[in-house]
Amino acid sequence: MMAACNGSDSTSQQSGIYDKFESQAKKPAANIYHEDGWTIIALKESGDRIYWFLAPEVDNVTPALFKKTVYAADENGLKTAYLSECEARKRVCDDLMNKFRTLSEKYD
């Protein structure tokens, strides 16, 4: 299930997105990748695979962060959950969400 992208019609200069991303990157088990301008952190927690995707800066807007969690298999098989946090205008967030969907297919 894909979370809606909560863009707005205004941008703020202060963002907790970078802080959240940096805290994940500092975890000892974090593996960091770069692809098409995106920065991706891969973690494994309690058997679940967690991926954080920091979108590249677009037109000097504040960042967007996407999270993909692939839960450990149970009797129903693998389950995947998505979360997005975007502080740019809605149109920009929607575009980033589409790019995220394509990129995240590689990470399962």
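Is Ser46 buried or exposed? In this predicted model, Ser46 is exposed, with a relative accessible area of 76%. The residue sits in the loop that joins strand 2 and strand 3. Its backbone is also worth noting, for Ser46 has a positive phi of about 55° although it is not a glycine.

Asp36 is found between strand 1 (31-35) and strand 2. Asp36, although not a glycine, has a positive phi of about 50°. The relative accessible area of Asp36 is 67%, and because exposed means over 50%, Asp36 counts as exposed.

In soluble globular proteins, nonpolar side chains tend to be buried together. The largest nonpolar core here has 18 residues, of which Trp38, Phe53, Phe66 and Leu96 touch the most other members. Two or more residues of this core come from each of strand 2 (38-45), strand 3 (48-54), strand 4 (64-74) and helix 2 (90-104). Helix 2 gives the most, with 6 residues.

When its neighbours within four places in sequence are left aside, Trp38 is in contact with Tyr33, Phe53, Leu54, Ala55, Pro56, Phe66, Leu96, Lys99, Phe100 and Leu103.

Note on methods:
Residues are numbered from 1 along each chain as its sequence is written. This is a predicted model: local features need pLDDT of at least 70, side-chain atom pairs count only at pLDDT 80 or more; totals for chains, interfaces and linings use all residues. Side-chain values use heavy atoms; hydrogens and water are left out. A nonpolar core is a set of buried Ala, Val, Leu, Ile, Met, Phe, Trp, Tyr and Cys residues joined through side-chain atoms within 4.5 Å. Buried means under 20% relative accessible area, exposed over 50%, partly exposed in between (1.4 Å probe, protein chains only). Helices (H or I, at least four residues) and strands (E, at least two) are DSSP runs, numbered from the N terminus. Contact means heavy atoms within 4.5 Å.
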